[in-house]
Amino acid sequence: MANGLTYERVTTSSDATKKLAASLASYLRPGDVVILDGDLGAGKTQFVQGVAAALGVHGAVTSPTFNILLEYENDTLPLYHFDLYRLDDPNELEDVGFYDTLEGEGVCFIEWGRKFIEKMPTDYLELRFVVDSEGKRRILAHSYGERARRLLFLWAKNPESHLMKSGVNAWIW
């Protein structure tokens with residue numbers, strides 16, 4: 001059983017997913033790490049698009065699948081968006097500047113971070129996206145570490161998030 005808080009939200013459209021993400025943006029700080037997990041097309045990149053828009057990123061925010069890392073500058077907080085899907089070996093993380101970026105001045109969103117969970121920092125917010133047969137997204141948010149716990153608590157208190165305490169007793173993948 002994992003320690004930390006678990007909240008969830010069901011969204012019924014990409015706009016709702018982006019609004020949920022936007023409600024997180026004001027609580028993010030340099031050094032925060034958010035791991036995004038879920039099947040292809042589950043809404044991970046849409047979530048990052050919502051955060052980016054709320055942070056004031058101008059221009060298109062796309063999936064970094066082929067680039068591994070895309071960086072977005074804005075007036076408040078640099079956003080680093082990783083997609084580790086194409087990496088096969090944890091040693092490749094060094095090659096793509098993963099560790100240097102984690103120690104940078106921005107917030108990191110990491111798609112497919114669960115592939116190398118043992119290489120992730122000890123403090124992170126994890127979001128799992130599960131899509132049902134009707135296209136609804138169940139987004140489970142769980143905190144690991146003290147900063148992530150505070151981040152999730154603040155985000156859940158925001159009435160715009162509509163997050164609810166989850167009945168999930170164990171964070172099972």
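Two strands pair if DSSP finds at least two bridges between them. Helices (H or I, at least four residues) and strands (E, at least two) are DSSP runs, numbered from the N terminus. This is a predicted model: local features need pLDDT of at least 70, side-chain atom pairs count only at pLDDT 80 or more, and totals for chains, interfaces and linings use all residues. Residues are numbered from 1 along each chain as its sequence is written, and side-chain values use heavy atoms, with hydrogens and water left out.

**Overall fold**
- The protein chain has five helices and eight strands, in the order β-α-β-α-β-β-α-α-β-β-β-α-β.
- Of the 173 residues, 51% are buried, meaning under 20% relative accessible area with a 1.4 Å probe, protein chains only.

**Strand β5**
- Strand β5 covers residues 107-111, and five of its five residues are buried.
- V107, F109 and E111 lie on one side, C108 and I110 on the other.
- In a regular strand the side chains alternate between the two faces of the sheet.

**Pairing of β5**
- Strand β4 (residues 79-83) runs parallel to β5, joined by five bridges; D83 has E111 as its bridge partner.
- Strand β2 (residues 33-38) also pairs with β5 in the parallel sense, over four bridges, and I35 is partnered with I110.

Methods: Buried means under 20% relative accessible area, exposed over 50%, partly exposed in between (1.4 Å probe, protein chains only).
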